[in-house]
Amino acid sequence: MSSPLPERAADTSAEAPWPVRVLSMKIAEYVDRMSVTWIEGQVVQLRVRPGARTAFLTLRDPDVDMSLSCSVRVTALDAMPTPLSEGARVVVQAKPDYWTQRGSLTMDVRQLRPVGVGELLARIEYLKQNLRSEGLFDASRKRPLPFLPRRVGLVCGRASAAERDVIENAHRRWPGLPFAIRQVPVQGPQSVAEVSAAITELDAIDDVDVIIVTRGGGSVEDLLPFSNETMVRAVAGARTPVVSAIGHDVDTPLLDLVADVRASTPTDAAKLVCPDAAAERDGIADARARARASLAGFVHRERNRLVELTSRPVLTDRTAFVRAQREVIHSLHRRAHGRVEARMHRERDRVTHLRSQARVLSPASTLERGYAIVQRPDGEVVASREVLEIDDLLRVTVADGDFAARVSDS
């Protein structure tokens, strides 16, 4: 007799597992208890077989790569005001239905309602206000475009007229300008993910200095991907300047607001990202001509000024100034010579006077007048009688020589 199966999944083990049918039935029971739910999404696949009562479609999230398989009665499709087509945004009322034989989950659609243009525009306006409050549209975040990019990144549709317009007009202005082109869907359920991925990929290339995101005009529904929050944030996070060239001048998707520069058309985008080589050459030629004229005018003015200066009377006889300065130098030389000579005479008289004073005051002059100098043998001058003893030997110096003398008591 076999043992009973565990009641809960937590009670199972390698020795007591659940058969597939048990798990499948329990999932079906859980799913069956789920309520009817309203869901919004984008139709990416629609299969309606002739004569069938049930159609099948895939409902995809417009922002991320997630989808659900759905089944719907053909009568519900016929009740819609306009035929349902792939890419349409719808709101459906559905209940999850789990198929136990294959273990697959399908949404059983009860009602379908198309999302109107007015509602889509209201949602875009709400998203715009939220993004503006975050500062994603601030002018301070806008980066200037380079004067001449090394390479231009281009995100566009496959074999699109917008791609041709951008490349042809850019090469007409600057021949040979290199492009890094990413052709992706620019309409439909895959456009948001692929355009965002292309922007991120081009932003990672070092020599791509500017990125253009472009597509032609279309309806509000066609341009919805370019107002998607995911794409807007991808552009806001790029380090490379981005140019938005979506639709016509009257179209204003949110990508235009977050981009660094908005171009009214793909042709205008080509004019914005590269200069006109012919205009630049003309500008250089004009600048050279103006510089040449300015230099010629300067030389002409200086030549006239030189002629004017040399025609003045003081410069007519070009040696007159030298002669005048020579006379000044001679005069200064004579004055300096006279002052030095007078100074020498005064100093000579002063030296003579000092010499006379020195001669009168010298000891030799005093000795010539009859005076004598008395010294001890050790050279000490005798200035007083009190320091002498009887028989002291003294040296007496007079004008014409010296002699010895001895002290006596008389």
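A: Let's start with Gln-42, which lies in strand E1 (residues 37–47). Helices (H or I, at least four residues) and strands (E, at least two) are DSSP runs, numbered from the N terminus. This is a predicted model, in which local features need pLDDT of at least 70 and side-chain atom pairs count only at pLDDT 80 or more, while totals for chains, interfaces and linings use all residues. Residues are numbered from 1 along each chain as its sequence is written, and side-chain values use heavy atoms, with hydrogens and water left out.

Is Gln-42 buried or exposed? Its relative accessible area is 10%, so it counts as buried (under 20%; exposed is over 50%, and partly exposed is in between, with a 1.4 Å probe and protein chains only).

Who is around it? Apart from neighbours within four places in sequence, Gln-42 is in contact (heavy atoms within 4.5 Å) with Thr-58, Leu-59, Arg-60, Pro-62, Gly-87, Ala-88, Arg-89, Gly-188 and Pro-189. Val-90 sits 48 residues from Gln-42 in sequence, but their C-alpha atoms are 6.2 Å apart in space.

Now for the second largest pocket, with a volume of about 290 Å³. On a 1 Å grid over the protein atoms alone, a pocket is an open set of points where a 1.4 Å probe fits, with protein on both sides within 12 Å along at least five of seven lines; lining residues have an atom within 4 Å of a point. Grid points are joined across faces, edges and corners, and the volume is the space filled by probe spheres set on the points. Of the 13 lining residues, Phe-56, Ser-71, Trp-99, Ser-104 and Thr-106 are the closest to the pocket's centre. Strand E2 (54–60), strand E3 (67–73), strand E4 (89–99) and strand E5 (104–114) each give two or more residues to this lining. By class, the lining has four nonpolar, five polar and four charged residues. Here Ala, Val, Leu, Ile, Met, Phe, Trp, Tyr, Cys and Pro count as nonpolar, Asp, Glu, Lys and Arg as charged, and the others, Gly among them, as polar.

Finally, a word on cysteines. The structure holds zero disulfides, a disulfide being a pair of cysteine sulfur atoms within 2.5 Å. Cys-156 has the sulfur of Cys-274 as its nearest cysteine sulfur, 16 Å away. Cys-156 is buried, at 0% relative accessible area, and Cys-70 also counts as buried, at 2% relative accessibility.
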